[in-house]
Amino acid sequence: MSGTAAFTIQVPALPELRLVGEWDTGQVRDFADGLVDVAARLVDVGDLDAGRTTPEWVGEDADRYQAEITALAGRTEPSAEALRGVSLEVDAHAEALDGLQWRRDELKHRHTVLGREIDELRLALDSSDEGDRAWLERWSQSLAGRAQVLDQDATRWREDLAAEESAMAQVFASLRTMEQVRRHVAGQPDLASEALAGLDPDGDAEDNHLWWAALSPAQQRAVITSAPEVIGNLDGLPAAARGEANRARMNGDIERWQNLLDRGVSDPDTRADIEQRLDNALAARDALENLGERADPVTGDPVVAHLYTYDPGAFGGDGGVAISIGDLDTADNVAVAVPGLTSTMQSIGEHSGAAANLYDASRSMHPDSSTAVLAWIDYDAPSGNPFTSDSAGVVREDLAREGGARLADTLDGLRASRPDDPANLTAIGHSYGAATLAHTLSSHDVDVDAAVVIGAPGMGPADTVADLDVPEGRFYVGRNSEDFVADLGDKGWVGKGSVGGIGLGRDPAEDDFGAIRFQAEDPGSGLIEMHTNYYDPNTESLWNMGQIVTGHHDDLMLADPVTDPWYRGSVDPEEDATIEQPRTDQEVR
Amino acid sequence: MIQIDPIAVGAMGRAWVQQQEQLGEGCALLASLPMAGFSERVTPAARAFTEDWTSNVDGFAAESASIGERLGSVVTTYVETEQVVEDRFCTLDLNGDGR
C-alpha cells in the first residue's frame, strides 16, 4: 500500500525472475564440430574395410583378416553415424539455448521497465490527491497484470530450459555404449532412454523414488549400465542401485584418467586436475576395498558396503563422497556420520573406518537388530589450512550452512527411499560437522529420530535445542572435557559469534542449550586425540552412540552439562569424572 | 593355396597403423572437447558421454594397431620363409658335385 491522500492503492510487487543458467553456445557448437571430426575418422576405418584386401593375398590369414576388419567396420560405421546424430542434436541444443538467451534478455528488459514504472507509481502516489485516484488505480491494475504475465513467462522459461537440458542430457545418456549404438542403428528403442524420459529433472527425492519404483527390472538394469552418472547420486533411489552405478563410474574414471596420464597431458592445469580427481577416486576405491575385508562381528559375513555418493570433481577438487557400512536399504537402524574440518574425499578411508567402528559397536552391543552407517563427506568442509581459500570456513558458518542443505537432501533421500519400511534414523555430526548438522536441523524440514553432536565447536543458528527439528529428548551431545575444539562454542555471557560473523555459535554441552549430554571422556592422551577419538572402540563415546543409534535411549551413560556462572569461567563437571572403558564389542544385556 | 603380395599387404598394414594414429588423435580430440559451454545440468552427461567415447575410440585404435602389426608380421614371416626356402634350395647339392 502507498499514498498520502485519503485513499490507498495496492502497488504491485515486482516478481523475482530467477532466470538462472549459464552457457556458451559458441563452445557448444565447437563440441558438435568436434564430434563430426571424430566421426570422420571412424568413417576412414570403414573406407579401409571397403578396400578389403588385395587379390594377390589368398589363404587362411587373408580370410581371418577380412573377417576381423569387417567386424571392426561393423562397429565403427554405426559409431560414426551415432556421433553425427549426436552432433546434430548438440547443434540443435545450441540453437535452442540461443532462443532461451534471447527470451531471457527480453524478460530481463521487461523486468527492468516494470520495476521502473512501479517506482514511478510510488512517486506519483506520494504526491497524489483524490482527483488522481481513478487513473492511479488503472495504472496500478495495469502494472499488476503485467507483473503477473511476466511471472508466468519467467516460469515458462525455467520449464523450457529444464526440458531442453533434460532432453540434451538424455541424448548423451542414450548413445554411450556400443550396445546402445547397435540398437539405435537398428531402430530399436533404447530401454534406458525410455526410462530416463520419465525422470523429472526438477523432481525431489520422493519423485525420484516413485520414478525408479515404476521401472521394470530390465529398465532399471539398463539405466544403471548406460546412465550411471544420472542415477549414481540421485536421492530417493535404493543404495544398492546407486552403489552399483557409482562403482562403475569410479572404475571407469580410474581407468580413463590413468590412461590419460600415462599418455601424457601437456597442459599442467589439466594434468593437476586429472591427478587430483584420480587421487579422489582411488581414495574411494581403497576405502571400499578395506571395508570389503571386514566381517560382520555377529554373523562373520562380509559387510555390505555401498558407494552411495561419488563426485570426485566437487568442491573445487576436494571431491564429495559417501560410503555405507551395512545395508542402507534394509537395516533397522541407519546412522549418517558427518566429519568436520580438513575432511575431503581423500579422508574417506579414515572416516569410513570410524563409521565402521560405530557399525561394529552397534551390531556387537545389539546383535538382534541390523544397522548401517553412512560415512558422509558430501560437503565442502573447511580445509583448516590457512593458505587455502576455504580456511576461513573453519571459524565461520558459510560452509556449514551450505553443507547443512546438502545433508538435509541426503536425509530426505534416505527417508524417501524406504517409504514403507522406515529405518530408525540418527544423524551424527563431529566437530565442524556438528555445526553443519545444526544448520540441517534448524533450517530444513528433516525427519530424523535422533541427532548426536560430538566435539562440537558450536551449534550455528541454534540457541537452544528447541531450535532443532529433532523429537523431544532425542538430541544428544558428547563432549570430552579436554577437547579444545568443543570449548570454542559460546557460553553464558560470552558470545564469540557476535563479532563480524566469526564463531560457530552456542556450546551444545552447556546447561542452557538443553541437550542430553552423555559421557565421552577418553582414557588416552594428546591434545588432538581428545578431539578425534570419539569413534574409538571401548570408549564411553562410542558405547553411548551405539546405544543411541540402535534406539536404546533409556540406557545411556549420562553426564552433567557444562555450566557458566556469571561470576567465573565455565565449569565442566566431567573434568573430575572417572573415565570408564565400556566394552563396545560385547552384547549389552 | 597360399598366395601373397608382400608389397601390397605391407602397404595395407601401414595404412592400419596410420589409422590407429588418426583414431588416437580422435581420442585426444574427444578428451579436449569443451565442456564449459554446457549448462550445469547438462555438463555431467556430456562429460560421461565424451569419456565413454574416448574409451570406445581408444578401443578402435588399439584394434587398428593390432591389425596393422599382424599384417606386418604376416609379411615378415612370408619374406623370411621365402628366404629360408631359397637358402635351402641354394645349399642343396642336387647333383652331388658340390655346385
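How do strand 2 and strand 4 of chain A pair, in the parallel or the antiparallel sense, and over how many bridges? Strand 2 (residues 320-325) and strand 4 (residues 371-377) of chain A pair in the antiparallel sense over five bridges. The views below start from this pair.

This is a predicted model, in which local features need pLDDT of at least 70 and side-chain atom pairs count only at pLDDT 80 or more, while totals for chains, interfaces and linings use all residues. Residues are numbered from 1 along each chain as its sequence is written, and chains are lettered from A and ligands numbered from 1 in the order in which they are written.

**View 1. The sheet of chain A.**
Chain A has 15 helices and eight strands; helices (H or I, at least four residues) and strands (E, at least two) are DSSP runs, numbered from the N terminus. Eight strands form an open sheet with mixed pairing, in the order 1-2-4-3-5-6-7-8. Two strands pair if DSSP finds at least two bridges between them. At the edges are strand 1 (305-311) and strand 8 (516-518) of chain A, each pairing on one side only. On average, neighbouring strands of this sheet are turned by 20 degrees against each other, direction ignored.

**View 2. Strand 4 of chain A and its two partners.**
Strands of a sheet pair through backbone hydrogen bonds, either parallel or antiparallel. Strand 3 of chain A runs parallel to strand 4 of chain A, and five bridges join them. In strand 4, T371(A) is the bridge partner of N333(A).

**View 3. The two faces of strand 4 of chain A.**
In a regular strand the side chains alternate between the two faces of the sheet. Seven of the seven residues of strand 4 of chain A are buried; a residue is buried if 20 or more other C-beta atoms lie within 10 Å of its own, exposed if 12 or fewer, and partly exposed in between, with C-beta atoms placed from the backbone. On one side are T371(A), V373(A), A375(A) and I377(A), and on the other A372(A), L374(A) and W376(A).

**View 4. Nonpolar cores.**
A nonpolar core is a set of buried Ala, Val, Leu, Ile, Met, Phe, Trp, Tyr and Cys residues joined through C-beta atoms within 7 Å. The largest has 93 residues, and those that touch the most other members include I323(A), V373(A), L374(A) and A451(A). Helix 11 (residues 348-365) of chain A gives the most to this core, with eight residues. A second, separate core of 71 residues includes Y65(A), A169(A), L23(B) and A46(B).

**View 5. A451(A) and its contacts.**
Two residues are in contact if their C-beta atoms, placed from the backbone, lie within 7 Å. Leaving aside neighbours within four places in sequence, A451(A) is in contact with several residues, among them A427(A), L437(A), L441(A), V470(A) and F475(A).

**View 6. Where chain B touches chain A.**
The contact takes 40 residues from chain B and 42 residues from chain A. On the side of chain B, helix 1 (6-31) and helix 2 (43-91) are the elements that give two or more residues. Helix 2 of chain B provides the largest share, 16 residues.

R18(A), in the segment before helix 1 (25-51) of chain A, has a positive phi of about 50 degrees although it is not a glycine. R18(A) is exposed, with 10 other C-beta atoms within 10 Å. S431(A), in the loop between strand 5 and helix 13 of chain A, has a positive phi of about 60 degrees and is not a glycine either. S431(A) counts as buried, because 30 C-beta neighbours lie inside 10 Å.

Note on methods. Axes fitted to C-alpha atoms, helices over the stretch in contact; angles between N-to-C directions.
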